[in-house]
Amino acid sequence: MGNAQGMRQKHPRIPRRILDAGVRLFDTAYAYGLGERDYNHNERWLGKFLAEHPRGNEARVITKGGMLREGLKWIPDGKASTLEAHCA
């Protein structure tokens, strides 16, 4: 999903067109967000979008976890507690 906020602002109809075109798999991650204080922004936004779309229940969302962000740095954290928190 990359930067969902930027996509929504520049191309607000793209997510709807993607789902209408038959795409059913969306890949996102806990660490994708608006910054260090707003992790999993994309996942929350995608969940809301899919809940409101008539075919949203046909979609599948995959996610990733175990990476933390400090500014622009990615820090691996494969502890079971971190993975559970990121992917639950």
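Which backbone nitrogen lies 3.0 Å from a polar atom of the side chain of His53? That of Arg55 does. The model is predicted; local features need pLDDT of at least 70, side-chain atom pairs count only at pLDDT 80 or more, and totals for chains, interfaces and linings use all residues. Residues are numbered from 1 along each chain as its sequence is written, and side-chain values use heavy atoms, with hydrogens and water left out.

His53 sits in the loop between helix H3 (41-52) and strand E2 (60-62). Helices (H or I, at least four residues) and strands (E, at least two) are DSSP runs, numbered from the N terminus. At 5% relative accessible area, His53 is buried. Buried means under 20%, exposed over 50%, and partly exposed in between (1.4 Å probe, protein chains only). Leaving aside residues up to four places away in sequence, His53 touches Arg16, Leu19 and Asp20. Contact here means heavy atoms within 4.5 Å.

The whole structure holds five salt bridges, each a side-chain nitrogen of Lys or Arg within 4 Å of a carboxyl oxygen of Asp or Glu. One of them joins Asp20 to Arg55, with the closest N and O atoms 2.7 Å apart. Asp20 belongs to helix H2 (residues 14-20) and Arg55 to the loop between H3 and E2, so the pair ties together parts 35 residues apart in sequence. Asp20 is partly exposed at 41%, and Arg55 is partly exposed at 30%.

Lys64 and Asp27 form another salt bridge (2.4 Å, N to O). Lys64 lies in the loop between E2 and strand E3 (67-70), and Asp27 in strand E1 (residues 25-27), 37 residues apart.

Terms used
A polar contact is a pair of N or O atoms within 3.5 Å; within protein, one must be able to donate a hydrogen and the other to accept it, and residues adjacent in sequence count only if both atoms are side-chain atoms.
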